[in-house]
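Work through the exercises below with the model open. Each one is followed by a solution in steps.

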Amino acid sequence: MNTSNLTHLNPHQKAWLILASAVKVGAGKWLDAIDKLHLDAIEITKMHGEGNLQNPKLAELCQRINLQLVLRAEQWLAQSRSHHVVTITCEHYPRLLKQLKNPPLVLFVLGNVTLLNAPQVAIVGSRNSSFQGRDIAQGFAEQLVNHGVVVTSGLATGIDASAHKGAMIQNAGTIAVMGTGPDKVYPTKNTALHQDIISANGACITEFFPGVTANPWHFPRRNRIIAAMTLGTLVVEAKIKSGTLITANLAADMGREVFAVPGSISHAYSEGCHWLIQQGAKLVTRVDDIFDEIAVQPYAYLGKDNNISEKSEVNNLATDKLLDSVDYDITAIDVIAQRCNMPVQQAMAELLEYELRGLVAAIPGGYVKLRGK
């Protein structure tokens, strides 16, 4: 389902949006109900509209639906062609995000929706950062996007803002995950940065409905999205007790890579990085340290010339072997990884390039090679 260039909701989007509007109902409860009752989102919303809810648990969930939020979302969507509603069944919905226990049923996206499934690395850190820390974050971001990796962060001041700015130096897209509704920028001092990200072919995304302002409990939810969407998280300056370490710990719990930049032992904002390194995070001083752990095929940015033919002969051979490992019938990811003799996570990351080039398609159960490719 293509959400690009839509300024209205199709029936599937509308149904998922209605379910997502239910106050204090986790996505997992809806997904569990859909699975156990063998229903889809449209059928549930139809029964809700007709008042035909015989299942008590389903009726209880539907009582929390807030149609005012749905109306607000529709109005926001109609305001601009750069506004998008991406539901959990849409093609642009981040595949890695579906691994969460409670993945957002809906994402509100401003800007380039095609970035959401590009290979990403998160750069996060302290709001009250040092000049050196901000410079390091910007430098890593610039080098990552130069290697075809999207930089994802949280639109906060300090390290986050520097990471976004570093990514835009190379005229490449960056993703900002927000802790507010799509029409509310927090902190307000980053309003210009928010607009610059969209103008630079990036994306600002959130699970919160239009009109929702910042609340402290929103940011751990934002952090889990950052951790889940990315292949790894790089921490540049953080205190021991901070939202940054929450993001890093979430990433580790999900099996993602965690990287940390070391600093002075007398600097309070190095304590979090040093603690992460002691817990097993990889110490990094250059971008190659990240690529030693994460193998990705570069994302072809719109407006940026990434010539595939310029890749080394070794990479081309690996690419052909990976493509040959995918059948025209459903091929499980573990089978593909075994055939290529590579870790599952690496195979998934490299298959993103093939999806973007139209060579394979990800479907429930694995991947299929597209005919004629």
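**Exercise 1.** Which residues does Asp183 touch, not counting residues up to four places away in sequence?

Solution. The model is a predicted one.
- Step 1: locate the residue. Asp183 sits in the loop between β5 (174-177) and α8 (191-199).
- Step 2: list the contacts. With residues up to four places away in sequence left out, Asp183 touches Trp76, Pro210 and Gly211.
- Step 3: The backbone nitrogen of Gly211 is reached by the side chain of Asp183 at 2.8 Å.

**Exercise 2.** Why does Asp183 count as partly exposed?

Solution. 
- Step 1: take the limits. Partly exposed lies between buried, under 20% relative accessible area, and exposed, over 50%.
- Step 2: apply them. Asp183 counts as partly exposed because its relative accessibility is 39%.

**Exercise 3.** Is Thr45 buried or exposed, and which residues is Thr45 in contact with, leaving aside its neighbours within four places in sequence?

Solution. 
- Step 1: Thr45 belongs to helix α3 (residues 41-50).
- Step 2: Thr45 has 14% relative accessibility, so it counts as buried.
- Step 3: beyond its neighbours within four places in sequence, Thr45 is in contact with Ala15, Ile18 and Leu19.
- Step 4: a polar atom of the Thr45 side chain lies 2.9 Å from the backbone oxygen of Ile42.

**Exercise 4.** At what angle do helix α6 and helix α7 pack?

Solution. 
- Step 1: α6 (residues 131-146) and α7 (residues 159-169) pack at about 35 degrees, and their axes are 7 Å apart.
- Step 2: their crossing is right-handed.
- Step 3: the residues of this contact comprise seven nonpolar, four polar and three charged.

Definitions and conventions
Residues numbered from 1 in each chain as written. Predicted model: local features only at pLDDT ≥ 70, side-chain atom pairs only at ≥ 80, totals over all residues. Heavy atoms only, no water. Axes fitted to C-alpha atoms, helices over the stretch in contact; angles between N-to-C directions. Helix = DSSP H or I, 4+ residues; strand = E, 2+ residues; numbered from the N terminus. Left-handed = near helix turned anticlockwise from the far one by under 90°. Nonpolar A, V, L, I, M, F, W, Y, C, P; charged D, E, K, R; others polar. Buried < 20%, exposed > 50% of the residue type's maximum accessible area, 1.4 Å probe, protein only. Contact = heavy atoms within 4.5 Å. Polar contact = N/O pair within 3.5 Å; in protein donor to acceptor, adjacent residues only side chain to side chain.
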